[in-house]
Amino acid sequence: MTIDAQHSQARGRLGRRDFLRRAAALGLSASAVGAFLAACGGASPATTTAPSAAPSAAPSGAAASTGASAAPTSVLGGGAAATATTAPAASAAPAGGGTATRAATSAVATATRATTAVAATVPNVVTSKSGFKGTLQYWVLNYQPNGANQTGKLMDAATAAFTKANPDIKIETTGYTGDQAGFTKISQAVQGGGSVDIFRLPSDILPQLVRDNLIAPIDEFLTPEDKADIYPNMLTAVSVGGKAYSWPLWVPPVGMYINLDIFKERGVEPPKAGWTYDQFIAAAKQLTFTRANGDKVYGYSGVIDPGIVNTWPFIIGDGALPLSADNKQYTWNTPQAVSGLKKLVDLAQTGAHKVAPPDFGSQATADMLTSFQDRKVLAMYSEPSGASSGYRANKVNFDVVPMPIGASGKPITAGGIGLISVTAIKDRAKLTAAMDLGRYLTSAQVNVDVPGFYLAPGARKSVKVADPIDKFTPLVENCYITPIIAEWPQIRTILHPYIQNAVFGRTTPEAAFSEPAREINAILAARP
Amino acid sequence: MADLTANRTSASRAGAENPIVRFFKRYGWGYAFVLPSLITFSVFTLIPVVWAFIISLQNYRLNGDSTWVGFENYRLAFTTQSGVFKIAIRNTLLYTVFAVATNLFVGLVLSSLMQPLGKWAQTFFRAAYYLPTVVSAVIIGVIWRWIYNAQWGFLNYVVGLFGIPPQRWIASPDLALQSIIAQRMLTVPATAIVLFSAAMASVPKELYEAAALDGAGAIRQWWSITLPLIKSTTLFLVVLYTIASFEVFDLIQVMVPSGVGNSTQVIVTQIYQTGFQQYRYGVAAAEAFILFLMIAAAAAVQFRLLRSDVEY
């Protein structure tokens, strides 16, 4: 599971045939495989994410308009210093109200209302001049056919728009799940050749596919308009050896969801962009209380999981990133990193502030939704944009604000990048057609043709997203993207239990970040 | 005499000329009947195990550019990720010991209690105990996750009635594994009940009658007749439950997906993490092969200790 996968909040069923093949390779017996398939087969999403609801041409908040146009330059790729100076403001106004009804349906109908007013200004890139006649195999993360889920509806509409403009090109869409087994499936399908021409992928698996020469660079297909439109650091992020290997689609940065009903209940003023960690603690303490009916309400929580960086803004808020800018050195064994982790640890019941629930550190994403939306016993939690559309559709009275600023004094959050890549197709016309489709699916044009297409802030300046996704747009420029190197999945799974155990009070923040240093540095040193 | 010798030689030559034909004439149908099972076993068990061993000796790459690394992956399995594989082995053994012992004991006791009942009552109880096994382990895991929830879980509500403060059943590294083991121990072992019941029903009644005539009571009869005569079933169940426990994955993945600081890591979750989250297929294959060897060793020991020489 990755940030990008998580943000879309839709997990379908496993590709059993591919999993069986891979599991067999690992020597798992039939019963173990069966158990695994059973486990994954039942892992349906708690809710279906609905798209944005109310039309909004501009991001909410005073300075939010800068978010869509300013290049997110600061903390990408593991090292460059943050340069952002303006903390974008977010709206604190109640956004919806009413009861939290699960109405995660009629997604496209709802999305239609979220039409952005940019049709006249975006370049039309839907027409392919490749001359290709035939079928493109398009694999999509979390796609379910026949409009069975939100991604399915939006992607079917987008490919239909493309084929309408290019009648000679047919597109066959295949879905894969947003978990590691799904990523294994797509990796193997790409490796097998022939069954995948273009595919959606999270940034985590890009380096491995590049390493194995399985995807084509996009450089020669990038037009001057593309280069001017795509945020420069997005292209940098998808570049390996000086070549860009993916069409950047979107960036789901982590933001702070606040339950305005609970804020109102406690008479706490909703925070504004630029708030500090101390202000956050003060609010969280006020929002941690016991209701007359015995319900315990907690000020803050967040999922701590190997594939999720939802709580990382606290850790990196004091100025320390996990790896050096060149990804050659582990850098979380510094006083800044330790103090950042201590800020996270202090939120737990074993810490100094005790504003998080007792199971903080072991909660799942579904627990956040239950606490925040259904039981209303969680005042604030941090997560990327995916959940926001569902909350809007379910009329949850919520808002999203940037994460509180730490000792570095600079706004910062964490996230990943959603990408579209083209496999190493030998047929030149087909390759060009696939690239044209990739350009279209990451353009502002697709958002005009399919309103609500973007479920996270886009990677192009021309892409304007609607409420509530636009609440995350200002966060993009301060978003730290986890390192896009092949070794990162291994490194993050090493770090995760240390962070967890620090939160559980089993180890100190100092030990949690110093103990894995040797192993992580050895992994980085062995990089080619 | 010479004719007789010549005839024997001739017959011997005729037989020696077609040994394959003779073999197939004699055993062909038998092999034909076991062939589908043999193919299935080879495709889904034998070849994967051999393949896993081969991968475990490689730095395996999806694009086919794999390189041979000898037994390096076996060393990496134990030394990387802060040695979590050793924790996973320890947790798996702990889980297996408690799960197998409890399941066998409970299965044995419930089956024995069902034996004196009438035919219809036995059928009812067997069905009642077995019916829950059709429920997906994922659903069971989700329910138990709710029972154990630290904020609104059913168990904390129950212990709260006795004045005990809420516990972090699956949210504390000190409690999570024990809670998962407890869940397994509290699950009725349906397979054991069905098989023990069948085995007990097949024990000749004459033995009990003879024992009763000799003055043996119910417990003595159970100890001296029932237990020894269902030893082969017991062995089968021990092996079955041991393998299942070694391969536990689904419940843990559902109940504690974040791992609770590696405190709930077992071998198969570790294989999953190494293979599907870190993409280190060679190391994952090495871990899988180690699991295979552990299961084979455990099964061999169990066969040795529990083999039955009694036939009836």
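Is Tyr279(B), with its C-beta neighbours inside 10 Å, buried or exposed? Tyr279(B) counts as buried, because 23 C-beta neighbours lie inside 10 Å; a residue is buried if 20 or more other C-beta atoms, placed from the backbone, lie within 10 Å of its own, exposed if 12 or fewer, and partly exposed in between. The structure is a predicted model, in which local features need pLDDT of at least 70 and side-chain atom pairs count only at pLDDT 80 or more, while totals for chains, interfaces and linings use all residues. Residues are numbered from 1 along each chain as its sequence is written, and chains are lettered from A and ligands numbered from 1 in the order in which they are written.

Tyr279(B) lies in the loop between α14 and α15 of chain B, helices being DSSP runs of H or I with at least four residues, and strands runs of E with at least two, numbered from the N terminus. Phi of Tyr279(B) is near 60°, a positive value in a residue other than glycine. Chain A also has a non-glycine residue with positive phi: Lys354(A), at about 55°. Lys354(A) is found in the loop between α14 (335-345) and α15 (365-374) of chain A. Lys354(A) counts as partly exposed because it has 17 C-beta neighbours inside 10 Å. Another loop of chain A, between α18 (444-449) and α19 (473-476), holds Pro468(A), which is joined to Asp467(A) by a cis peptide bond with omega of about 5°.

The domains come next, with bounds taken from an automatic or database domain assignment. In chain A, the assignment gives domain 1 (77-103 + 255-415 + 485-525) and domain 2 (129-252 + 416-474). Their centres, taken over C-alpha atoms, are separated by 29 Å. The contact involves 18 residues of domain 1 and 16 residues of domain 2 of chain A, where two residues are in contact if their C-beta atoms, placed from the backbone, lie within 7 Å. On the domain 1 side, α16(A) gives the most, with 4 residues. That side divides into 10 nonpolar, 7 polar and 1 charged residues; Ala, Val, Leu, Ile, Met, Phe, Trp, Tyr, Cys and Pro count as nonpolar, Asp, Glu, Lys and Arg as charged, and the others, Gly among them, as polar.

In chain B, domain 1 covers 2-56 and domain 2 covers 73-306. The centres of these domains of chain B, over C-alpha atoms, stand 40 Å apart, and their contact takes 5 residues from domain 1 and 8 residues from domain 2.

Between the chains, 53 residues of chain B are in contact with 46 residues of chain A. The helix α2(B) gives the most to the chain B side, with 7 residues. By class, this side has 31 nonpolar, 17 polar and 5 charged residues.

The interior can be followed through its nonpolar cores, sets of buried Ala, Val, Leu, Ile, Met, Phe, Trp, Tyr and Cys residues joined through C-beta atoms within 7 Å. The largest has 145 residues, of which Leu206(A), Ile258(A), Leu341(A), Ala434(A) and Val503(A) touch the most other members. Helix α20 (residues 488-503) of chain A supplies the largest share of this core, 8 residues. Ala434(A) is also one of the buried residues of α17(A), a helix in which 11 of 14 residues are buried.
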